[in-house]
Each structure stands twice: as structure tokens, then as C-alpha cells.
Amino acid sequence: MGQGPSCATNDENGLFRAVKLGDLETLRTEIDADSSILKQTTLYDRESLLHIAAANDQIDVLSSLLDRSMNPNLLNRHKQTPLMVAAIHGKISCVQKLLSAGANILLFDSLHRRTCLHYAAYYGHSECLQAILSAARSSHVSASWGYAHFVNIRDGKGATPLHLAARQRRPDCVHILLDSGALVCASTGGYGYPGSTPLHLAARGGSLDCIRELLAWGADRLQRDGNGRIPYAIALKHKHGVCAALLNPSSVEPLVWPSPLKFISELNPETKLLLERALMEANREREKKILKGTAYSIPSPSHSDGGADDNLSEASDAELCCICFDQVCTIEVRDCGHRMCAHCTLALCCHNKPNPATASLNTPVCPFCRSSIAWLAVAKGDTNDDNGGDLSCPRLRRSRRSWNLTEGSSSFKGISTVGSFSKTATHGSGRILINEWVDKTDP
Ligand SMILES: [Zn+2]
Ligand SMILES: [Zn+2]
């Protein structure tokens, strides 16, 4: 059998089916009988066995094929590699296997001139995105292309992976890319021509979380696209009301992650997580102010401003922040060892969107002893460690969230709409202090 063209097609189908279903036995038998079948591709799309294994998450088949020294960079009809296919389908183990087999991350397909990084971002597969970025960090890419160049690589229409993630409503990928050095104000225009920024595309996509991330990394609400529109106008046009409210240039500026500060770039992951969470919470408080009195409410869960008295009694067993008297100390300043909560730390470090005229960023000092901050660490040790030693779940969260969950009563909603400035609770002065700190940075 297998003489005529029709029979050959049947054999082919059998082979591809075996790869698709992960039938290693059949595959081995066929390859042992005729190793040339490793070069076979599907008729129309010219998918290799590796492409099919990658698309269907058949990691054992993929490994076995690569062990037979199959070229990991075979191209299909659209010049897509098996790595691109795995990234499109979000098959993380296949992505990792292909990367470790030396798959080239710098290849562009012929469809949109996109790389594997574009595809992982477009389809929102954050694990795959991370894996590709770590491969880029450790491989020759950093040396030849430069890591920053790779992160900001453009497709055929000038879009970076960040543009695609923002357009496709992929906040996790947006975050990872920004954290990896993606340019928040990159324009699809290139070479000085006006184009769309990631914020324009997020406004079009209507993802509030993407917009929050971009604004917190300093995206410019006033940048105009090729048609002269600001992101606000695009959100309005596409009827994304809440997004438009945040993008409205006359609304309060959000806090921006203080990435230029040296000790911020050197944070350990644990401390960074705490501060990032505090940044997002602080910005959500600002969102409440912005959305107050509009027809919109924030659809995602956010914190009630009420219940601080309860919080005080609950948190009194832990070390309370001496600046705001509201939150538990989670951050320790080194070398002096003074402690404060993540919110106050951020208020100290954050700056608003850099104003070109006043771009210089003052390095903050410890508010207690005025000594310079060498680095920030998660406060540990002599505070009562009553959360089971889970350091990724600090008391800050427990104390705030637990009372939010138990108090859904209308009276607290009433308090929360008053706003934090008018709070007259016993520890209100601390509150006002921190808000002054924060708002002092407004232009
Ligand atoms: Zn505090
Ligand atoms: Zn100090």
C-alpha cells in the first residue's frame, strides 16, 4: 500500500492524526519504517508535525520529535514557527520545550509580520509571554538585538506587543510587558509620524484594567493619534463610558509607578507586589472621586472607605502605620528600619505623569528620620505574625478586605461617598495627611 497519490494522502492523514492525538506508538512505528516522513507537511497550510503537536499541546510527541533532531524553526505556509503556533494556542509546556530546544524568537510571520511575542500578547497568554521574555533575557537576543528592542518589536502595522495586548483587553500581558520595559507611549506611526499609542487602542478595546495599568505607568492622556484624536475621544466614540471618564484629561491624574527611582527598580518581588497593590488601590480611590456623580460605577470590586473604626480595633494587635493610623505596617525602610504601610510608602515615592517642564524626580527620604532610602523590604519579625506566615498575603489585605466583606450595609456606602477628605473619625487627621501627600503632587 501507499503507492498511489490517494493512498499517500491517507497515510499522511494517519500520521497527522497520530500526532494530534498524541499516539506515540503509531508515530514511532511510522518513523522507524520511514524517517523521511519527518519532513511531511499538511497539504494546504504546510504545517509540519511540530506545528500540529504544538497546536494540540502534545508535549510528549513534540519532545520525541525534537529528540530526533527535528528543526524547531520549520515554517508553515504563513512562515509561522511551531513556537508561534504554541503561543497562539497558549500551550505553555510546548512553548517551554521549543524554547529550550533553541527555537528562534526573532522570526516574523508573513501574515502580519508578527513574532511569537506579538502572538502571546495578542491572545493574552501571559505564561507564554513570560517564558518568551525570559528566553529573550537569557539568550543571545539581549546581546544582538537588545532586550528593550525585542520587547518593543513592531509588527507590519507598527504595533508593539503592548499595543496588541491593550487592544485585545489583556491586562495581565499589559502589566508584564510594561514591567519588562515596554514603552508606554510607543506610537504605531514610527519615524515621528503620529500613530496610535497603547492607550488609544485600550480606549478602543474598552478594557478598564488595561487603561488603569497604562495610566499607572505614565501613559499620556493628551497624546494624539494619526487622526488627531486623544484616547478620551476614542473611548467616547466606542461608548466605553467608564473608560472615557478616566481618560478625560480634566479628571484627576492617577498615581504613576515611580520606576525611575533606583530603590524601586531594585525591589524584591514580595515588596514590589505589596507596593503595586497599594498603587492600584490608591488609584481606585481616585477613580471613585472621578466617577462620583456620573452615571457610572466601578464594575470591579473595590474597597469601601468606611469601617475604619472596626479596622482600628481589629488591626490594633499588629503594628499600625504611624503616618495614616489606618493601615498596618507592611514596608520597612532600610537602612534605618522605620516602618509604614504600603500606601504611605507609595505616597512618598509616587509622582504623577512626568511633566516635561518639571521632569526631575526628587529622591524621597524616610519620613521619620530623614535618612535616605537605600531600599525597601517587607516588614517582618516582631509584628504579630497571625496570618499563617503567608507573606504574599499581608495583613494589609486581610484587615481591609475582611471588613469590607462583612459590611455591605447601606450606612457604609453612605460614608464612602463622602470622600476621605471629610472623614472626621478619631484618626482622620492621619488620613488627611496622606491625602495631602498624595495630592500635593498634582499639577
Ligand atoms: Zn500608612
Ligand atoms: Zn527612618
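How far apart do the end C-alpha atoms of residues 45-77 lie? They lie 5 Å apart. The views below show a predicted model, in which local features need pLDDT of at least 70, side-chain atom pairs count only at pLDDT 80 or more, and totals for chains, interfaces and linings use all residues. Residues are numbered from 1 along each chain as its sequence is written, while chains are lettered from A and ligands numbered from 1 in the order in which they are written.

**View 1. Spans annotated as ANK repeats.**
The unreviewed UniProt entry places "repeat: ANK" at residues 45-77, 78-110, 157-189 and 194-226. UniProt positions follow the numbering used here, feature names are shortened, and annotations may be inferred rather than shown by experiment. Residues 45-77 are 48% helix and 0% strand. Residues 157-189 are 48% helix and 0% strand, with end C-alpha atoms 8 Å apart. Helices (H or I, at least four residues) and strands (E, at least two) are DSSP runs, numbered from the N terminus.

**View 2. Helix H12 against helix H14.**
H12 (residues 171-179) packs on H14 (residues 208-216) at about 15°, and the axes are 8 Å apart. Axes are lines fitted to C-alpha atoms, for helices over the stretch in contact, and angles run from 0 to 180 degrees between N-to-C directions. H12 is therefore roughly parallel to H14 (under 35 degrees is roughly parallel, over 145 roughly antiparallel, 65 to 115 roughly perpendicular, the rest oblique). Pro-171, Val-174, His-175 and Leu-178 of H12 meet Asp-209, Cys-210, Glu-213 and Leu-214 of H14. Contact requires C-beta atoms, placed from the backbone, within 7 Å. By class, this contact has five nonpolar, one polar and two charged residues (nonpolar: Ala, Val, Leu, Ile, Met, Phe, Trp, Tyr, Cys and Pro; charged: Asp, Glu, Lys and Arg; polar: the others, Gly among them).

**View 3. Helix H18 crossing helix H20.**
The axes of H18 (residues 269-291) and H20 (residues 342-349) come within 9 Å and cross at roughly 80°. The two helices are therefore roughly perpendicular. H18 contributes Leu-274, Leu-275, Arg-277, Ala-278, Leu-279, Glu-281 and Ala-282, and H20 contributes Ala-342, His-343, Thr-345 and Leu-346. Seven of the contact residues are nonpolar, two polar and two charged.

**View 4. The three-stranded sheet.**
The open sheet runs S2-S1-S3, with antiparallel pairing (strands pair if DSSP finds at least two bridges between them). S2 (339-340) and S3 (375-378) are edge strands with a single partner each, so one side of each lacks a neighbour in the sheet. S1 (residues 331-334) pairs with S3 over four bridges. Arg-334 has Trp-375 of S3 as its bridge partner. H18 lies across S1 and S3, at about 90° to S3.

Technical notes: Two residues are in contact if their C-beta atoms, placed from the backbone, lie within 7 Å.
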